[in-house]
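Biologist: Can you walk me through this one? I'm new to reading structures.
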Amino acid sequence: EHRPPVISPFTNKEDYRNLNTLEAAVDRWKRKKVDEYAEQIFLMDAMKSEIRMLRDQVSRQDMVVDFLTQECARFRREKEDLEKKLVASGSAANHQSTATSEWVPSVGPNRPCLQPDTEEFITVRAEVLDSLRHLHGVSSLSIKWISRVATGEGIQKFDEVVQKRGLDKFPVARLYSGLRREVLPGLESCQISPGMLAHDPYMVNAYGKGLYFSRHASKAIHYCDSSSQLLVAKVALGNAQTETKENFERTSPAKGSHSIAVPGRRLPTQSPLQLPSAASGLPFSEEYVVFDTEQVLPLYIVGFQVKA
């Protein structure tokens, strides 16, 4: 007769000791897992709290950004309105002025310039001088004359182009450009033809055939010719493409961009003005290159002399 095997019970103390050891190990494992789980729960709660806090911060920052964007747009509109009123008042004053009140400098353009004691002249002069940087080798200028270029019609046309092309969503800045004689006739009529930009006897147009601008007049004057004339312009930079590779034949920025931002390049070692710092070519400063002349509104031409 077949009988199932009999499993003998624990019959000695050693067997009971092994069982207790196993149960204790299992209990320790359980407690460890419970502690790990509790720690994970704590970390998850902390992460959720952190996420909620970050969301609140982002939401507040979005509100601040929206407010600042609206304020910026408002200030821009106010500034443009003031510029238009300034130009309109200047034009009206020019029409009402007599031959004795018009001022044509003995050295400069053969056209009326701003009277040196007017608020407009003083404001533009201060703006130019405030932009000078000693690192460019120019810490002082003598402003000989300032001629207004922009007209109410020109400002309106520029604003329409900027809005139509969506450039008002990007920076529109007042910048400086060193002038050359071949560009001046176009500036006087607020029209710069691309062909005017190709002439480059000193090989300074290293990033393409465009108009070069700087936030600092002290850098821009290194690219003037011997006529010593500086352009103050309103420039719609749009989406600026950062570029470090030189290309003298470039005629446009990359697709999707409206201008080129050059992080910095050495000053030209050759310059008609023969500025002392141009010999080393060391100082750097950001520049902007614009290829579409509709993005540029010439405001003033400034005649200057570099002080020793």
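Biologist: In what order do the elements of the protein chain run from the N terminus on?
Modeller: They go α-α-β-α-β-α-β-α-β-β-β-β-β. Helices (H or I, at least four residues) and strands (E, at least two) are DSSP runs, numbered from the N terminus. This is a predicted model: local features need pLDDT of at least 70, side-chain atom pairs count only at pLDDT 80 or more, and totals for chains, interfaces and linings use all residues. Residues count from 1 along each chain as its sequence is written, and side-chain values use heavy atoms, leaving out hydrogens and water.
Biologist: Which residues are buried in α2?
Modeller: Glu 120, Phe 121, Val 124 and Val 128. Buried means under 20% relative accessible area, exposed over 50%, partly exposed in between (1.4 Å probe, protein chains only).
Biologist: New topic: how many residues has the largest nonpolar core?
Modeller: It has 27, and Val 128 and Ile 146 are among those with the most contacts inside it. Such a core is a set of buried Ala, Val, Leu, Ile, Met, Phe, Trp, Tyr and Cys residues joined through side-chain atoms within 4.5 Å.
Biologist: Which element gives the most to this core?
Modeller: β8, with five residues.
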